[in-house]
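Please walk through this model with me, moving from a pair of helices to the strands and then to the surroundings of the ligand.

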Amino acid sequence: MMLVKRLRSSTVRWADQLAPFLSHNAQVQTQRFYSSSPYNDGPSVPRGTPDIDPSALTIERTSSPKRLLDPKDLIFGRNFTDHMLSIEWTAQDGWLPPRITPYQNLSLDPSACVFHYAFTCFEGMKAYKDPQNRIRLFRPDRNMYRLNRSSSRIALPTFDGDKFTELISKFVELEERFIPKQKGYSLYIRPTMIGTQNTLGVGPPGSALLYVIASPVGPYYPTGFKAISLEATESAVRAWPGGVGDRKLGANYAPCIVPQIDAAKRGYQQNLWLFGEEGYVTEVGTMNMFVAWVNEEGVKELITAPLDGTILEGVTRESILALAREKLEPEGWTVSERKYTMAEMKKAADEGRLLEAFGAGTAAVVSPVKAVTWRGEEIKIPLSPGKETGPLAESFWNWMLAIQYGEVDHPWSQIVSN
Ligand SMILES: *Cc1c(COP(=O)(O)O)cnc(C)c1O
């Protein structure tokens, strides 16, 4: 009770002091402070100030279109399209008219809060070409939901996801020539939001920039699947209860590079992030982790860690779970979102019950895992005979690509042009 009281009064004072800077979501958070999970509310659209307005879009086309690269020379995230989409926001005026301009440098004051206090969050999504040459997005509503959850957690503004998706659709239509036609190729889309307020004071940014850039990308496995070896990291933790590991904040990624380099030096392609003395399995690199085993009850189980605040809510994760419930459960599988440990994985491997493991994320869709090294011991994970993947990872990969490339009709795939 005391604590709640103290929180209440300090929150109110904080809100009063910062009132001139306060964005709607700081106010909303103040109101919601007393719920059991204060920062876990969904996005709120700005109140009182204008939301994103697609009808106000202006387009300035480049006068020097880039030469297209041979698709086989594409390197992930290295080359960008001709244009970018930008929308500025101020606490006073809300979202300003969206602009598509030639791809260009940003000009920011060195004191801008993004450089000092990591007011930055992002999304990763893709545009695909279907056999009829139409452009498709995959579950953009999930990326919009997540970007709002990320931005609101760091006192950046929220927005109407459908309106932003409409603008992204216009942007990718304009960049249509950059989307390779071949299956497996796509246009990687990177929405980014940064705080742009010029001040070294630590507080909610009074101005922000939401922008979108896009990079044509080739297939993750140009010559077929390549199963990876992981090292279970115990010297560093990626995310923790009450932290922000469940949001796509820039601040979550830089600290993961050194442990990743350490694992790479020892010959592992990725690290497996664990949590707690129990050694709970959380994520693999920047992918969600799935394990398939015959559990202690003798039932075939596909398992992934639950969304307890330490796990990024992957769109691929959510889609794989839905596909598994639709397609595997009728075949006797159990599909579980629950905690599981390295010790359980090792025991399953020792008893011959471990079936498969793979990472899941937008870039690779699935990334088969062939081994995990934990406390100096290598746990081997089975693959299909003569293949660099297990049967489940391969099935999910096929099901997902058929939907993403519009080979089957599915509500997850949204056509943006004709
Ligand atoms: C982006 C990301 C994922 C995967 O999310 P998708 O929406 O499936 O691409 C998983 N884990 C982390 C830490 C991520 O940043």
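The crossing of helices H4 and H5 is right-handed, a crossing being called right-handed if the near helix is turned clockwise from the far one by less than a right angle, and left-handed if anticlockwise. The model is a predicted one, in which local features need pLDDT of at least 70 and side-chain atom pairs count only at pLDDT 80 or more, while totals for chains, interfaces and linings use all residues. Residues are numbered from 1 along each chain as its sequence is written.

The axes of H4 (residues 140-153) and H5 (residues 161-174) come within 9 Å and cross at roughly 120°, where axes are lines fitted to C-alpha atoms, for helices over the stretch in contact, and angles run from 0 to 180 degrees between N-to-C directions. That angle makes H4 oblique to H5, since angles under 35 degrees count as roughly parallel, over 145 as roughly antiparallel, 65 to 115 as roughly perpendicular and the rest as oblique. Helices (H or I, at least four residues) and strands (E, at least two) are DSSP runs, numbered from the N terminus.

In the loop between H4 and H5 is Ala 155, which has a positive phi of about 60° although it is not a glycine. Arg 139, in the loop between strand S7 (135-138) and H4, likewise has a positive phi, near 45°. Ala 155 is buried, with 20 other C-beta atoms within 10 Å, and Arg 139 is buried with 20 such atoms as well; a residue is buried if 20 or more other C-beta atoms lie within 10 Å of its own, exposed if 12 or fewer, and partly exposed in between, with C-beta atoms placed from the backbone.

Turning to the strands, eight of the 11 residues of S9 (residues 207-217) are buried, so S9 is largely enclosed by the rest of the structure. Strand S8 (residues 186-195) runs antiparallel to S9 and is joined to it by 10 bridges, with Arg 190 opposite Ile 213. Strand S2 (residues 83-90) also pairs with S9 in the antiparallel sense, over six bridges, pairing requiring that DSSP finds at least two bridges between two strands.

Which helix gives the most to the shell around the ligand? H7 does, with three residues. Of the 13 residues around the ligand, Leu 312, Gly 314, Val 315, Thr 316 and Thr 362 come nearest. The C-alpha atom of Leu 312 is separated by 4.1 Å from that of Asp 246, 66 residues apart along the chain.

Conventions:
A residue is near a molecule or strand if its C-beta atom, placed from the backbone, lies within 6 Å of it.
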